[in-house]
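Let's walk through a protein model together, one feature at a time. Have the sequence and the 3D view ready as you read.

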Amino acid sequence: AHGNIMSLLDESMLRKDIPTEYCFKALFRYCDAMTTAPEMPAEDLKPSCYRLAFSDCSGLIIPPNLPAQDLQESCYRSMFQNCVKLQECPEITSPEVPEYAYALMFKGCSSLKETPALYSTNIGEHAYDSMFYECTSLKNVTALPAMTVPAGAYNYMFYGCSALENCPQLPATEIGANAYSYMFRGCSSLKNAPAILPAMIVPSAAYCQMFCQCSALENCPQLPATDLGVQCYRAMFQLCTSLKTATPLFATTVPASGYMYMFAGCSALTGGIEELPATEIGANAYESMFMNDTSLTKAPAMKFTTIATDSLDNTFDGCTHLNEIEVNFSSWKSGSTGNWVRNVAASGTFKCPADLPETRGNNNIPTNWTIEKPAPPPFNLLVSYVNKDDGRQLAADTWFYETTVGTVINAEAINDYRCINTPHTVDLQDAAEERFFFEYEPVQNDIKIQGC
C-alpha cells in the first residue's frame, strides 16, 4: 500500500481529523504483502482510531510517520503488533500520552532493534503497557523521564526482550499500582538495573516480577521505600541467577505477600540484607523470599515478634549453605512456617529469644543446629541490712563492706547467683544502718530469672 490513508475519508486529502472512534481499526491487519505503510497525516485523533491497523503484517518494513501531538486513549494500541520484519519505529513526539495510547504498539516485533525517543513526562494509566513485549532483537532503549508513573504505565513494557542489555534510569517518585510490574521479566541479557527506584510509597504489585528471570542481572537497585502495598515486591528478582548482592530493605511494616518470592532462585546471592527490620508483617509476607538461594550462608535478622499466617512458608527452603538464622519471635504459629528451613546446611546456629520452644524439624529449628539464646542480664539482689558494726571504717561516717567476687549464694531457692561487683563502699552518714545491694548474675547462662 502507498498513498495517503486519509483519501478513504476525503478525496482531496486535505482533511487532518479522524471523525470517529475505531475509524481505521485493523484496516490492514494480516496484509502480509505490504512492505511500506501509507501516509497517516491526521493531527486530530480519536480513541482506538489506529488500533491494530497494521497488526500481523508480516512483510511490513517501513512504518508511517505519526505527526499527531494530541493523542487519544488507545489510539495506537497494537498498531504494529507482530510486524516481524519491522526494524525501525516511527518518531514519537507527543508531550502527553493518555491511557493505553501505546499499549502493545510493537508487541512481537522481533526484528526491532531500537525504541523511539519517549519524551513525555505526562503519561496515563497503562500508557506504555506491553509496548515492546517480546521484541527479541531490541538492544537499546530510550530514557523514560516521567516523575509520576500511574497504574500499569510500564506494565510488561519490555517483557521477554531477551537481547536487551541495559535499562534506563527510572526517576519517578510517585508510582501507581502495577506501575513497573513484569517490566523487564525474561530480559535474559539485561546486566544493569537502575541505581535506585526512589519512590517512598510503593502501592500494590508496583514492582511485581519487574526483573524476574533476568539471569544476567548483576546489580540490585536501591529500594528506600517505607510504605508498602500488598505484593509490591513479589518475585521482583526471582531467578536472577547472576545477582550476588541484594539491597537493604527499610519498611517496618510489610503487608500481605510484600516480599513473597522476592529473591527466590537467586543462586549466586550471598548477602546484602543484614536485617529485615519490619516489626509487623502480613500473611505470606516472607513466603519463599530466599528459596533455593544456594550461596546464601547467613539469613537477615528478623525483628518481628509475631508470625503471621503463612508468612514464613518456604522462606529458606533449599538454601543448602545457610548456617545462621536469627529470629525475634517467641512462639511458633502452626502451618505458617511450612518447610521454611528444609534443605539448609546440616549444621548451623539458630539465634532466638529464651522462651521460644525448641521444636526441631523443617518447620521449626533445623535438626542438629546449635540453639543460641541470650543470657539473662545481671540484676541487683538485696543482701542484707548493714550497720556500723558490720564494716570497716574508712573515714568519718563511711564504712567498707566486702564479699568475694564469684561467691555463690542461694536467693530464696530461685537459683544460684555469682557476685560480680564487690567490694562496696557505703556512706551511712547519720543513719545507724542502711539497705544496700550486691550485684549478681546467674551461674548458668540459660537460667531464666523470674521477677528480677
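The lining consists of L66, A68, L71, Y76, E91, I92, T93, S94 and Y102. Rolling a probe the size of a water molecule over the atoms shows where empty space is left. Here a cavity is a set of points, on a 1 Å grid over the protein atoms alone, where a 1.4 Å probe fits but cannot get out, and lining residues have an atom within 4 Å of a point. Points are joined across faces, edges and corners, and the volume is the space filled by probe spheres set on them. The largest cavity has a volume of about 30 Å³, and the structure holds one cavity of 30 Å³ or more.

How far can you trust what you see? This is a predicted model, in which local features need pLDDT of at least 70 and side-chain atom pairs count only at pLDDT 80 or more, while totals for chains, interfaces and linings use all residues. Residues are numbered from 1 along each chain as its sequence is written, and side-chain values use heavy atoms, with hydrogens and water left out. pLDDT is the predictor's confidence in each residue, from 0 to 100. The chain averages 88, and 83% of the residues score at least 70.

Next come the charged pairs. Side chains of opposite charge can pair when their charged atoms come close. A salt bridge is counted when a side-chain nitrogen of Lys or Arg lies within 4 Å of a carboxyl oxygen of Asp or Glu, and by this rule there are eight. In one of them, R15 pairs with D17, with the closest N and O atoms 3.1 Å apart. Buried means under 20% relative accessible area, exposed over 50%, and partly exposed in between (1.4 Å probe, protein chains only). R15 counts as partly exposed because its relative accessibility is 28%, and D17 is partly exposed too, at 26%.

Another salt bridge joins D56 and R29, at 3.3 Å from N to O. These two residues are 27 apart in the chain, both in the segment before β1 (96–97). Strands are DSSP runs of E, at least two residues long, and helices are runs of H or I of at least four, numbered from the N terminus. D56 is buried at 15%, whereas R29 is partly exposed at 30%.

K298 and E324 form a salt bridge as well, at 4.0 Å. It ties the loop between β9 (280–281) and β10 (301–302), where K298 sits, to strand β11 (residues 324–326), which holds E324. Together with K351, they make up a network of salt bridges.

Finally, which residues does S257 contact, leaving aside neighbours within four places in sequence? They are Q231, R234, A283, N284 and A285, where contact means heavy atoms within 4.5 Å. S257 is found in the loop between β7 (253–254) and β8 (275–276), and it is buried, at 9%.

Notes: 1 Å grid on protein atoms, 1.4 Å probe; cavity = no way out; pocket = protein on both sides within 12 Å on 5 of 7 lines; lining within 4 Å.
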